[in-house]
Amino acid sequence: EIVSISFDHDKNKLAQFLVKHPMAWPQYFAGDNWDATHGRDFDIQGIPTAWLADKQGNLRFLNARENLAADVEQLLDER
């Protein structure tokens, strides 16, 4: 499952983008304040940030961008 958190400057521009490019997963707007709840609570240091959780919901990869395809394949192969 995918969840997106936007740190864009303008919520209206994000909404316009999503109308033209709909995404099947939830989109949240945190604003451009990195100390906003989502940025602070999840220790987001840069964007895009990608994490992967296993089938039990355990966070397994905190820097999933590096080997995304291999990491996803590994998690899908696990029982």
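## Glu73 and its helix

Glu73 is part of helix 3, which covers residues 68–77. The model described here is predicted. Is Glu73 buried or exposed? Glu73 has a relative accessible area of 51%, and it counts as exposed because the cut-off for that class is over 50%.

Glu73 and Ala24 are 49 residues apart along the chain.

## Overall layout

The protein has 3 helices and 4 strands. Their order along the sequence is β-α-β-α-β-β-α.

Of the 79 residues in the protein, 20% are buried. Contacts between residues at least 6 apart in sequence can also be sorted by separation: 20% of them join residues at least 24 apart.

## Surface and charges

The accessible surface of the protein is about 6400 Å². Carbon and sulfur atoms account for 52% of this surface.

Which residues form a nonpolar patch on the surface? The patch is formed by Phe42, Trp51, Leu59 and Leu62, and together they have about 410 Å² of accessible area. Leu59, one of these residues, lies in strand 4, which covers residues 59–61.

The protein carries 8 positive and 13 negative charges. The mean position of the positive charges and that of the negative charges are 5 Å apart.

Conventions: Residues numbered from 1 in each chain as written. Predicted model: local features only at pLDDT ≥ 70, side-chain atom pairs only at ≥ 80, totals over all residues. Heavy atoms only, no water. Patch = residues over 30% accessible without salt bridge, like charges linked within 9 Å, V, L, I, M, F, W, Y side chains within 5 Å. Areas by Shrake-Rupley, 256 points an atom, 1.4 Å probe, with all protein chains shown as cover. Salt bridge = Lys/Arg side-chain N within 4 Å of Asp/Glu carboxyl O. Helix = DSSP H or I, 4+ residues; strand = E, 2+ residues; numbered from the N terminus. Buried < 20%, exposed > 50% of the residue type's maximum accessible area, 1.4 Å probe, protein only. Contact = heavy atoms within 4.5 Å. Lys, Arg positive; Asp, Glu negative; His and termini not counted. Charge placed at Lys NZ, Arg CZ, Asp CG, Glu CD.
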